[in-house]
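Student: Could you walk me through this one step by step, please?
Tutor: Gladly! Have a look first, and then ask away.

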Amino acid sequence: MDSFNTVKALSLYGLLSAISLAGCGGGNTPPAASLAVACSGANCGAESTRYTGSGLGVWAYKNDTATTTSLPISLTGLKDNKVTLVFSNTKDKAQVMPRQFSVNPFSPTKFIPTPLTDPIPIDASDALLVPQESRIWKVPVAIDTQKGNITQQEFPSTLRSQITLAGFNYKIWVADQEWTPLMQKNHARIAALLFGTPTYPGILKQYVANYPTPPWGNYPNTANSIDLLPSEARDVNILFSPSMGDLFNSENMYKRPESNASLMVYISSTWLSCFQQPAEQCLDLDEYQAMLPILLGSVVHELTHLNHFYPRVAQHDESRKFDRWLEESIASSHDYIVLMSRFPNRSTADQEPAHWFKSQYYACSLTTNVGEIGTDIHQKCSQNYYKSGQAFLIFLVHQYGTGIYRELLKAKGTGIDAVDEAIRASGGTGFEDAFRRWGSMLAFPDAKALPAGYGYPGVKVGDYTSPAWNGADIAKYFSFPTTLPDAIAPYSHLPLVEHNQTGQYVRDVKVPPGVTLSIYIQ
């Protein structure tokens, strides 16, 4: 495992069992609900029912009964501390949320984006020196939102750069109409970052070396594999052209009339080329360097989708495809992990996990598929796999190391079951405990004082490090509602935050069945 802070997950359920046994007094009377300390070791600020005054104090209670439970809370030792209550639903059914107490509102500070300060290459990439090669590519450019039909357009294109890594030729193609002066300038920058230069190790080399599987190879000869690409295919094509977005289309993995029959991904070139575009919609990457991690992340994201196809589908069948939410969550987390390791000085509030706190995405179900391509993306909880899903997978990688990606690819499940398998194979106690601990991020914990099993500690990504994500840096930019909604969605969290608490913290909280309440003090 690659994490700086790889730990065996703290099992809340083991901690709670001791309390349950201690409360048994004979007969059929269930033990009274009570909190258990849910952290240990360095930086654990919980001691029985007292906050020690340093680190992160964590207590938890899981309602394993079939009815709502009243939980008395009495914690001491507070001196102007923030208390965060997080209700976590680790089950696949929504639960009615009983009316709780209200908390005082918090006025957040407006965030001002910061410029990119990490070094980028200024010399040219040797990968720009390639033989002339042309090809016509079929590109999805539109979708019928009612019927789901995709319209394709053919674009004559030219190979502009390439590199060979681990036996595969990674090729950047640009549609000929897009080869404008601006695109030529932007392409040189993209190729230098992805493929590397004499003084700058390529991002793609790091990604390939750290990834657990080749993008293609031998596969079983079955009825499902009749029209798959030949097993000896070794060109991975990255096409910059007009398209309906940055995407991977699995149809290209088959030898079919409507397919390109190639290992390939599409990256939209519209802003990069400025071909027939208003000047205000043009993107010069030298002037807007803050866009580089986002653009390069899109390339890694789509390559991750491509890399999933071979071990999950070609070597098995379509039934092994990850559920849509998990497929997108893994890809969006992987591009973040790789790019953060190369641009580690980006402002915390600029980074993707911050999206989880915006518009209350934490209250949306982790597994929802609302907002898929071809549907209304303006619905509540739309594309939550890019918010909650990404943030949860990033948490898992920062806790267990990048090896968890290997375990996900090997998992027999396709959704929550696959995540549970991967966590256990990585040394954790399963999905439910990890999901609860991930909810600690709603307390915006200080990364310099995290107990084992909590937060986003730094994680190794090959020769680089994706840095710890410090919640304390962005706490001032976000506020949560002062009351809770009427229900808690499946696989979601709901926070209540009380600032400036001193002395004894006393509350009576109602916990729905199947829901875990965690309390964080810092």
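**Cysteine links and a cavity**

Student: Let me start with C364 and C381: are they buried or exposed?
Tutor: This is a predicted model, where local features need pLDDT of at least 70, side-chain atom pairs count only at pLDDT 80 or more, and totals for chains, interfaces and linings use all residues. Residues are numbered from 1 along each chain as its sequence is written, and side-chain values use heavy atoms, leaving out hydrogens and water. Buried means under 20% relative accessible area, exposed over 50% and partly exposed in between, using a 1.4 Å probe on protein chains only. By that rule, both C364 and C381 are buried.

Student: How far apart are the sulfurs of C364 and C381?
Tutor: A disulfide is a pair of cysteine sulfur atoms within 2.5 Å. C364 and C381 are joined by one, with an S to S distance of 2.1 Å.

Student: Which hand does the link of C364 and C381 have?
Tutor: Look at the angle about its S-S bond, which is -80°. That makes the link of C364 and C381 left-handed.

Student: How many residues apart in sequence are the parts that C364 and C381 tie together?
Tutor: Helices here are DSSP runs of H or I with at least four residues, numbered from the N terminus. C364 and C381 each lie in the loop between α6 (324-342) and α7 (388-400), so the pair ties together parts whose separation in sequence is 17 residues.

Student: Which hand does the disulfide of C39 and C44 have?
Tutor: The sulfur atoms of C39 and C44 are 2.0 Å apart, and both residues are buried. The torsion about their S-S bond is about 65°, so this disulfide is right-handed.

Student: Is C274 buried or partly exposed?
Tutor: C274 is joined to C282 by a disulfide, S to S 1.6 Å. C282 is buried, because its relative accessible area is 17%. C274 has 22%, so it is partly exposed.

Student: What is the pairing of the bonded cysteines?
Tutor: The whole structure holds three disulfides. Number the bonded cysteines in sequence order, and the pairing reads 1-2, 3-4, 5-6.

Student: Which elements give two or more residues to the lining of the largest cavity?
Tutor: A cavity is a set of points on a 1 Å grid over the protein atoms alone where a 1.4 Å probe fits but cannot get out, and lining residues have an atom within 4 Å of a point. The largest cavity here is lined by residues including Y170, L204, Y207 and L303. The elements giving two or more of its lining residues are α3 (203-210) and α5 (292-314).

Note on methods
On a 1 Å grid over the protein atoms alone, a cavity is a set of points where a 1.4 Å probe fits but cannot get out, and a pocket is an open set with protein on both sides within 12 Å along at least five of seven lines; lining residues have an atom within 4 Å of a point.
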